Amino acid sequence: MSEIFIPQSRTERSNEALRPVSLERGAVLYAEGSCLISFGKTRVLCAASVETGVPGWKKGSGEGWVTAEYAMLPRATRTRSSRERQQVGGRTQEIQRLIGRSVRAMLDDYRFGEFTIKVDCDVLQADGGTRTAAITGACVAVQDAFNWMVSTGRIIASPVKRRVAAISVGMVDGEVRLDLDYEEDVRAGVDMNVVMSSEGRFVEVQGTGEHGTFSRQELDGLLGTAVAGIEQLLEAQTRVLAGPVRA
C-alpha cells in the first residue's frame, strides 16, 4: 500500500494540492489484478479479470482486447441510488468508455493473443473525482493482470508500455483548484478531467464551462495544475507497483 498524506479540507490544503491518496494492490483475492484507490473520501475498487477469448469482431485476429465497466454502489452517495440492472445510464456509459480508452492507452498494440482484460471499477464511496480515481486505480490493476499472465505462461512479455493517471481540476470562486471534492465540483464554474500518460502525453482532456466561459490563459492554468497533480499520482503508482502485492 502506498499513501500520500495531504491535508483533507481545502482550508488546510492549497489550491494546487491533492486530497489524501492511497492505492492498495491485491485488494480483491480472486482477481488477476486489483487496486483499491482513495482520493480523499472517494473510494473505488478496481478489479482486472483475464478471460480467454475476444469480442466477435476481433476473433481470428490473434489480438486481445482491454475494456472497462463502471458502477456506483447504491449508498456510495449521500442518498441511495438505484442499481442499473436493466439498462446502463448515459453517464455510466460515458465514464466506462473513458476508463476503457484510458487503460488501452497503456498499450501500443493488442498482439498478446486472444485474451480479454475486463476492468470492473466499482465506486464504494463518492465525494467527487470518481472517474479519475477509477482510471488511476485501473492502471495498477491492468498492469498486475498482465504481469500475472506473464508469470503463468499465458504470454511471453507484458504489452504495457506506459502507465496512465487522471485528475480533476476546476475553477471555483475564480480560482484554479486541483482534485475537486463534491462540494467544490457542484460550485465549479469550469470543470475539467485530464488523463495523461507516464510519458507526459495527454490521453484525454474533458473541459466544460459549467456556469460560464474560460479564457486561453485560464485553460493553460488548469492544464498546468492538472499535470502537476498527475505527476504525483504517477509517482504513487510507481511506489506501489515496486512493492509486493498484498497476500
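In the predicted model, Asp173 is exposed, with a relative accessible area of 56%. This residue lies in the loop that links β7 (164-172) to β8 (175-178). Although Asp173 is not a glycine, its backbone adopts a positive phi of about 55°. Most residues other than glycine have a negative phi.

Asp179 is located in the loop between β8 and α3 (182-187). Its relative accessibility is 0%, and Asp179 therefore counts as buried, the threshold for this class being under 20% relative accessible area. Asp173, by contrast, is exposed at 56%, which places it above the cut-off of over 50% that applies to exposed residues.

The packing of two helices was also examined. Helix α2 (residues 130-151) and helix α4 (residues 216-242) have axes that come within 11 Å and cross at roughly 30°. The two helices are therefore classed as roughly parallel, because angles under 35 degrees fall into that category. The crossing of α2 and α4 is right-handed.

On the α2 side, the contact is formed by Thr136, Cys139, Val140, Gln143 and Asp144. These residues meet Leu233, Gln237, Val240 and Leu241 of α4. By residue class, the contact of α2 with α4 comprises 5 nonpolar, 3 polar and 1 charged.

Key
Residues are numbered from 1 along each chain as its sequence is written. This is a predicted model: local features need pLDDT of at least 70, side-chain atom pairs count only at pLDDT 80 or more; totals for chains, interfaces and linings use all residues. Side-chain values use heavy atoms; hydrogens and water are left out. Helices (H or I, at least four residues) and strands (E, at least two) are DSSP runs, numbered from the N terminus. Buried means under 20% relative accessible area, exposed over 50%, partly exposed in between (1.4 Å probe, protein chains only). Axes are lines fitted to C-alpha atoms, for helices over the stretch in contact, and angles run from 0 to 180 degrees between N-to-C directions. Angles under 35 degrees count as roughly parallel, over 145 as roughly antiparallel, 65 to 115 as roughly perpendicular and the rest as oblique. A crossing is left-handed if the near helix is turned anticlockwise from the far one by less than a right angle, and right-handed if clockwise. Contact means heavy atoms within 4.5 Å. Ala, Val, Leu, Ile, Met, Phe, Trp, Tyr, Cys and Pro count as nonpolar, Asp, Glu, Lys and Arg as charged, and the others, Gly among them, as polar.
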